[in-house]
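Hello,

Here is the structure for you to look at. My notes on what was found in it follow below.

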Amino acid sequence: MSFISSISTSKNLGEQAYETLRDSIITLQLEPGLTIFESEIAASLNISRTPIRDAFQFLISEGLIEVLPQRTKRIASISESKVKESGFVRLSLESSAFKLVARNWGDSEQHNIAEKQINRILHEQSEAAEQQDVVQFLQLDEAFHRCILQLAGNKTLLGVVYHMRGHLDRFRYLAMKELVLTKNLIHEHEELFASLKRQDEGKVEQLLEHHLGKFDLEIPRLREAFPDYFSD
């Protein structure tokens, strides 16, 4: 069993195990329905079972791992209802935060630094799209949204958005990979950022709703192609 990233002994093992397993679930390296065992994963990552057990508990609380009878554990299916529910919550939270950032955008040092960072992210996204590196593209997609959310100055919001997105991000990864949406998403990011810098709150809200609200079109196509990945 291989994973998307490796474990370093210089960092907290529990946090690394959680992040490694979560990334591998999000990118479908650990596929929905796969039965997993603490001992096997601990051996694959060359660490003890204790940090793996801790990581499992966090992933169970996020709904990414489910516990079956006899304490058997498996990777949860992608829940269509949870994708839609978390998508609705994410849109609601990000819409408020993005409009706040647009309202306060100016020529401050903080905003100048953020603009350079966002332009770098958009450039790297273009490169990832050209190479069809969907894992890198998804990470940069998250970095784009996180960079803007950080400007809202609400750490609680950042934590809520991150931890509620497990089913949603798996779906988004699959959509990017199978429906080849990467170039469209870059264009949407560019439009969104341009509107934000113009302080056009109404346009920001409209673009974000379009950017994050395509489930009704994408879910049927992906369920048909990957019926074993989905539940409800």
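D232 lies in the segment after β5 (230-231). The model is a predicted one. D232 is not a glycine, yet its phi is positive, at about 40°. Because its relative accessibility is 57%, and the cut-off for exposed is over 50%, D232 counts as exposed.

D232 is also one of the residues that E80 touches; the others are I219, R223 and S231, leaving aside residues up to four places away in sequence. E80 itself belongs to helix α4 (residues 80-104). With 16% relative accessibility, E80 counts as buried, since buried means under 20%.

L28 sits in the loop between α1 and β1. Its relative accessibility is 9%, so L28 counts as buried. As background, most residues other than glycine have a negative phi.

Next, helix α2, which spans residues 38-45. Which of its residues are buried? They are E38, I41, A42 and L45. Viewed down the axis of α2, these buried residues fall within an arc of 100°, so they line one face of the helix. The elements covering them include α1 (13-26), β1 (35-36), α3 (49-61) and β3 (73-75). After α2 comes N46, with a positive phi near 60°.

Regards

Technical notes. Residues numbered from 1 in each chain as written. Predicted model: local features only at pLDDT ≥ 70, side-chain atom pairs only at ≥ 80, totals over all residues. Heavy atoms only, no water. Buried < 20%, exposed > 50% of the residue type's maximum accessible area, 1.4 Å probe, protein only. Helix = DSSP H or I, 4+ residues; strand = E, 2+ residues; numbered from the N terminus. Arc of directions from axis to C-beta. Contact = heavy atoms within 4.5 Å.
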